[in-house]
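Student: I am new to this structure and would like to understand it step by step. May I put some questions to you while we look at it together?

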Amino acid sequence: LFIMQDNKENKNGVTFCSWNIRGAKDPIKRCKIMAPLKSLKVDIAFLQETHTKLQTQMRFRANWIGQMYRSSFTAKDRGTAIIIRKAIQFILKITISDKEGRYTIVAGEIYSTPLTLINIYATNFDNHQFFKKIMDQIDEYNFQNVILGGG
């Protein structure tokens, strides 16, 4: 679990968190994941190894979550999610979800500033093509102000 906090005295300060949750099919485990995110007032969370399909990932919904973007592979392997708190003024422009559950890219605006969020669950071996594919997409779409989370 990694948390980066901007200066909260600035009304537009944003708190980021990147967390490899190692699976979230179990409802009790989902609660144990969501509770600290809420109590720490995380604005944007990058979750890796969600191990969920679309039906289960929808169960991540909570009253403080405004938007959620995801990629999945199987219910036992991989998966990434980007969760954005309801209070954050994020306007979506484009989302790219990897069909192998390795990354999610979300581009838009936050407080009128262009922003790209990339959540990566990389392979555990040296795979230059994997990172080249992501870098090529950043170039292709001319993404700006990239914030990268992952594990």
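Student: Which residue of β8 is the bridge partner of Y103?

Tutor: The model before us is predicted. Y103 belongs to strand β7, which covers residues 103-110. This strand pairs with strand β8, residues 113-120, in the antiparallel sense over 8 bridges. In β8, the bridge partner of Y103 is I120.

Student: Which residue in the turn between β7 and β8 has a positive phi?

Tutor: Strands β7 and β8 form a hairpin, with 2 residues between them. A further bridge of this pair joins G108 to L115 in β8. In the turn, the residue with a positive phi, of about 50°, is Y111.

Student: How many of the residues of β7 are buried?

Tutor: A residue counts as buried under 20% relative accessible area. Strand β7 is mostly covered by this criterion. Of its 8 residues, the number buried is 7.

Student: Which residue forms a salt bridge with R85?

Tutor: The structure holds 4 salt bridges. In the one formed by R85, the closest N and O atoms are 3.6 Å apart, and the partner is D43.

Student: How many residues apart in sequence are the parts that this pair ties together?

Tutor: R85 lies in strand β5 (residues 80-85), whereas D43 lies in the loop between α1 (27-39) and β3 (44-48). R85 counts as buried at 14% relative accessibility, and D43 counts as buried at 6%. The pair therefore ties together parts whose separation in residues is 42.

Student: Is K133 buried or partly exposed?

Tutor: The side chains of K133 and D98 meet in a salt bridge of 3.9 Å, N to O. This pair links distant parts of the chain, with K133 in helix α3 and D98 in the loop between β6 and β7, 35 residues apart. D98 counts as buried at 6% relative accessibility. At 42% relative accessibility, K133 counts as partly exposed.

Student: About how many helical turns separate K132 and D136?

Tutor: K132 forms a salt bridge with D136, the closest N and O atoms being 2.9 Å apart. K132 is partly exposed, with a relative accessible area of 43%, and D136 is partly exposed at 36%. Because they are 4 residues apart in helix α3, the number of helical turns between K132 and D136 is about one.

Technical notes. Residues are numbered from 1 along each chain as its sequence is written. This is a predicted model: local features need pLDDT of at least 70, side-chain atom pairs count only at pLDDT 80 or more; totals for chains, interfaces and linings use all residues. Side-chain values use heavy atoms; hydrogens and water are left out. Buried means under 20% relative accessible area, exposed over 50%, partly exposed in between (1.4 Å probe, protein chains only). Two strands pair if DSSP finds at least two bridges between them.
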